[in-house]
Structures are given as C-alpha cells and as structure tokens.
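Reader: Could you take me through this structure feature by feature, giving the general idea before the particular case?

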Amino acid sequence: MSNDQICFRCRVTLATAWPAFAVQEYYVALDTSLNQCRVMSTPPDGSTMKRIGDQSYTTMEEAEQAKARLPECNT
C-alpha cells in the first residue's frame with residue numbers, strides 16, 4: 001500500500017469519525033414573551049430568547065442546574 005493510499009484512508013476515517021468529537025453546548029435563555037427560562041441547544045437569538053448568564057454548558061444537566069440557580073429564572 002502506497003503512502004498516498006494510507007493518507008487517503010486516514011482522511012476518510014477522520015472525516016467520518018469527526019462528528020463523534022463534536023461538542024454539544026447548552027444555553028440558559030429567557031423567553032421574553034412568556035417570561036420563562038429554558039435550556040436550549042442553540043444560541044438564543046437575542047430578540048425573543050435572551051441569553052441568561054455569560055457561559056454555555058457541556059451537558060443539559062449542567063444547564064438545568066444553572067437555570068435553577070440563576071435569579072432571573074426564579075422570580
């Protein structure tokens with residue numbers, strides 16, 4: 001097997017495996033029309049959904065725990 005074939009196979013393997021390494025982020029956001037907080041997997045748009053806090057979370061559980069602690073979400 002030539003070096004070119006090995007490199008090609010490595011690139012194909014990396015390209016197909018790369019989504020497994022993607023990091024999911026979660027955000028705590030305030031729905032301004034309902035005045036309720038929720039956890040989102042996409043960044044809030046800033047108009048109907050306002051981001052609460054200044055960080056994202058790597059798990060939904062972390063985001064839910066943060067939501068429970070944030071004063072904006074517990075009024």
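Author: Let us begin with pairing: two strands pair if DSSP finds at least two bridges between them, and strands (E, at least two residues) and helices (H or I, at least four) are DSSP runs numbered from the N terminus. This is a predicted model, in which local features need pLDDT of at least 70 and side-chain atom pairs count only at pLDDT 80 or more, while totals for chains, interfaces and linings use all residues. Residues are numbered from 1 along each chain as its sequence is written, and side-chain values use heavy atoms, with hydrogens and water left out.

Reader: In which sense do β1 and β2 pair, and over how many bridges?

Author: Strands of a sheet pair through backbone hydrogen bonds, either parallel or antiparallel. Here β1, residues 27-31, pairs with β2 in the antiparallel sense over 5 bridges, and Val28 has Val39 in β2 as its bridge partner.

Reader: What is the order of the strands in the open sheet?

Author: The sheet has 3 strands in the order β2-β1-β3, with antiparallel pairing. Because β2 (36-40) and β3 (49-51) each have a single partner strand, they stand at the edges, and one side of each is left without a neighbour in the sheet. Neighbouring strands are turned by 40° against each other on average, direction ignored, where axes are lines fitted to C-alpha atoms (for helices over the stretch in contact) and angles run from 0 to 180 degrees between N-to-C directions. Helix α2, residues 60-69, packs on this sheet and touches β1 and β2, its direction making about 165° with that of β2; contact means heavy atoms within 4.5 Å.

Reader: Which residues make up the largest nonpolar core?

Author: In soluble globular proteins, nonpolar side chains tend to be buried together. A nonpolar core is a set of buried Ala, Val, Leu, Ile, Met, Phe, Trp, Tyr and Cys residues joined through side-chain atoms within 4.5 Å, with buried meaning under 20% relative accessible area, exposed over 50%, and partly exposed in between (1.4 Å probe, protein chains only). The largest one has 11 residues, among them Tyr26, Val28, Val39 and Ala63, and β1, β2 and α2 are the elements that give two or more residues to this core.

Reader: Is Asp31 buried or exposed?

Author: Asp31, which lies in strand β1, counts as buried because its relative accessibility is 7%. A polar contact (a pair of N or O atoms within 3.5 Å; within protein, one must be able to donate a hydrogen and the other to accept it, and residues adjacent in sequence count only if both atoms are side-chain atoms) of 3.0 Å joins the side chains of Asp31 and Arg38.
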